[in-house]
Amino acid sequence: MNDISYTILKLTNGDDIICEMGQSGTELYEVQNPLQIITTRQVTSKGVQEGISLARWAHPFTEQNYFSISASSVVTTAKASPGMSQYYEYILRRTDDSPDTLIGPSDEDLEELLEEEEEKFLELESPSKKFH
């Protein structure tokens with residue numbers, strides 16, 4: 001993973017996107033390579049399992065990679081987690097020139113990402129046990 005920081009934008013229309021942020025002003029957010037975050041749910045023998053997938057946000061309607069989003073259309077922004085950033089980079093690398101083709105990670109790649117995230121999580125300090 002490189003040192004670029006990726007941002008998640010929650011939009012007023014309900015879309016969640018992950019992107020590289022460009023210059024942002026008080027009225028516009030400049031974004032590059034936005035991908036829509038799609039939450040999936042699947043009922044398994046262990047209960048409901050949630051997952052995510054990333055899809056092109058404005059494709060196949062345009063070939064451009066840079067977009068301006070009105071600040072009034074953004075509910076909130078957040079820095080993407082390291083695991084989400086890795087997944088975003090993986091999907092960007094796997095995207096071919098076809099605007100509506102997106103290749104997802106293999107089961108092995110997902111397992112590796114999950115293991116890395118679990119290791120990072122276990123390294124975090126636990127919160128205080130005090131009640132306030």
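Okay, confidence first: in this predicted model, helix H2 (residues 107-123) has the lowest confidence in the chain, with a mean of 77, while strand S1 (residues 6-11) has the highest, at 96. That score is pLDDT, the predictor's confidence in each residue on a scale from 0 to 100. Across the chain the mean pLDDT is 82, and 83% of the residues reach 70 or more. Then there is the stretch 97-101, where pLDDT is below 50 and the model has 9 contacts beyond near neighbours in sequence. Contact here means heavy atoms within 4.5 Å. Where pLDDT is low, the predicted coordinates should not be read in detail.

Quick housekeeping. Because this is a predicted model, local features need pLDDT of at least 70 and side-chain atom pairs count only at pLDDT 80 or more, while totals for chains, interfaces and linings use all residues. Residues are numbered from 1 along each chain as its sequence is written, and side-chain values use heavy atoms, with hydrogens and water left out.

Now the layout. There are 6 strands and 2 helices, running β-β-β-β-β-β-α-α from the N terminus on. Those are DSSP runs numbered from the N terminus: helices are H or I with at least four residues, strands are E with at least two. Of the contacts between residues at least 6 apart in sequence, 54% join residues at least 24 apart. The chain has 132 residues, and 27% of them count as buried. Buried means under 20% relative accessible area, exposed means over 50%, and partly exposed is in between, using a 1.4 Å probe and protein chains only. As for surface, the chain exposes about 9,400 Å², with carbon and sulfur atoms supplying 50% of it; that's Shrake-Rupley with a 1.4 Å probe, and for residues only the protein chains shown count as cover.

On to the inside. Which residues make up the largest nonpolar core? There are 12 in all: Tyr6, Ile18, Leu35, Ile37, Leu54, Ala80, Met84, Tyr87, Tyr88, Tyr90, Ile91 and Leu113. By nonpolar core I mean buried Ala, Val, Leu, Ile, Met, Phe, Trp, Tyr and Cys residues joined through side-chain atoms within 4.5 Å. Strand S3 (28-44) and helix H1 (82-94) each put in at least two residues, and H1 has the largest share, with 5. A second, separate core has 10 residues, including Leu9, Cys19, Phe67 and Ile69.

So let's look at H1. This helix has 13 residues and spans 18 Å from first C-alpha to last, close to the 18 Å expected at 1.5 Å a residue; the expected span is 1.5 Å times one less than the number of residues. The buried residues in H1 are Gly83, Met84, Ser85, Gln86, Tyr87, Tyr88, Glu89, Tyr90 and Ile91. They pack against S1, strand S2 (16-24), S3, S4 and H2.

My pick from H1 is Tyr88, buried with a relative accessible area of 0%. Leaving aside neighbours within four places in sequence, Tyr88 is in contact with Tyr6, Ile18, Cys19, Glu20, Gln32, Asn33, Leu35 and Leu54. Take Ile18: it is 70 residues from Tyr88 along the chain, yet their C-alpha atoms are separated by 7.5 Å. Asn33 is another one to click on. Asn33 is in strand S3, is buried at 16% relative accessibility, and has a positive phi of about 50 degrees although it is not a glycine.

Over in S1 there's Thr7, buried with a relative accessible area of 14%. Beyond four places in sequence, the contacts of Thr7 are Ile17, Ile18, Cys19, Met21, Thr77, Ala78 and Ala80.

Next, the aromatics. The structure holds 2 aromatic pairs, and one of them is Trp57 with Phe67, edge-to-face at 5.7 Å centre to centre with 80 degrees between the planes. Rings of Phe, Tyr and Trp (its six-membered ring) pair if their centres lie within 6.5 Å; planes under 30 degrees apart are stacked, over 60 edge-to-face, and the rest tilted. Trp57 is in the loop between strand S4 (47-56) and strand S5 (66-70), and Phe67 is in S5, so the pair ties together parts 10 residues apart in sequence. Buried or exposed? Phe67 counts as buried at 11% relative accessibility, whereas Trp57, at 22%, counts as partly exposed.

Last stop, Glu27, in the loop between S2 and S3. Glu27 counts as exposed at 62% relative accessibility, and beyond four places in sequence touches Ile69, Ser70 and Ala71.
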